Amino acid sequence: MNIPVIILGAGGHGRVVLDLLKSLGHEAAGFIDRNQVLWGQLIDGVPVIGGDDEILKKPPGEIRLAMGLGGVGDNRPRMSLYEMFCARGYLFPCFFHPSSIVSGTASTGGASMVMAGVVIQTGCIVGKNVIINTGALVDHDCSIGDHVHIAPGAVLSGGVTVGSGAHIGTGAVVIQNIHIGEDAVVAAGAVIVRDVSRGSVVMGVPGRER
């Protein structure tokens, strides 16, 4: 794909996305960020070209978008931004870091980001606008809903279901066949041995609702 890519979000996760694009040989045309202080700055050699309106100046066929918003425990801003630009006809390709391992029987939805060192095993289904972050491990037959963030180093054992909008924190471990409800937050380092209800926050070893 030779069409230039604009990254939505110029924070830390956006810089990781930039490195991902570079590793795949894609041209990053710039960052978009709602923080006006960043406008005109160079981040790792790539300009912050302005806010959302800068994208709307370009026809959807001339650019592609990459989601650079991360988020800790609240995936709604990322979901809102994705849906806004999709409704206007812009495309978000999936990007897979060259060091990731993704089974040929796994499927991923649009805009999903698979970062360095990730393993996604056979039979997994990954929704749209999902981040599977650095070094995360997703074992066989997991189902991950839309707009989920699987943070660095998290481990999902086989048959885990993660509802849309949920966040699985850094280094968390979810044992096999567990269901994580929509918009739930699993705290960093938690070990989940029972189902997690929708919208709850779970932390500790074993994980308990806060």
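Rings of Phe, Tyr and Trp (its six-membered ring) pair if their centres lie within 6.5 Å, with planes under 30 degrees apart counted as stacked, over 60 as edge-to-face and the rest as tilted. By that rule the structure holds two aromatic pairs.

Before selecting them, keep in mind that this is a predicted model, in which local features need pLDDT of at least 70 and side-chain atom pairs count only at pLDDT 80 or more, while totals for chains, interfaces and linings use all residues. Residues are numbered from 1 along each chain as its sequence is written, and side-chain values use heavy atoms, leaving out hydrogens and water.

Select tyrosine 82 and phenylalanine 92 to begin: their pair is tilted, at 5.0 Å centre to centre with 55° between the planes. Tyrosine 82 lies in helix α3 (residues 76-87) and phenylalanine 92 in the loop between α3 and β6 (95-96), so the pair ties together parts that are 10 residues apart in sequence; helices (H or I, at least four residues) and strands (E, at least two) are DSSP runs, numbered from the N terminus. Both residues are buried, meaning under 20% relative accessible area with a 1.4 Å probe and protein chains only.

Next, select phenylalanine 85 and tyrosine 90, whose ring centres are 5.8 Å apart and whose planes stand at 90°, so this pair is edge-to-face. Phenylalanine 85 and tyrosine 90 are buried too.

Now move to strand β4 (residues 46-50), which pairs in the parallel sense with strand β2 (residues 28-32) over two bridges, where pairing requires that DSSP finds at least two bridges between the strands. Phenylalanine 31 has valine 48 of β4 as its bridge partner.

Finally, select strand β3 (residues 42-43), which pairs with β4 in the antiparallel sense, and find isoleucine 43, whose bridge partner in β4 is valine 46. Two residues lie between the strands of this hairpin, where aspartate 44 takes a positive phi near 50°.

How values were computed
Buried means under 20% relative accessible area, exposed over 50%, partly exposed in between (1.4 Å probe, protein chains only).
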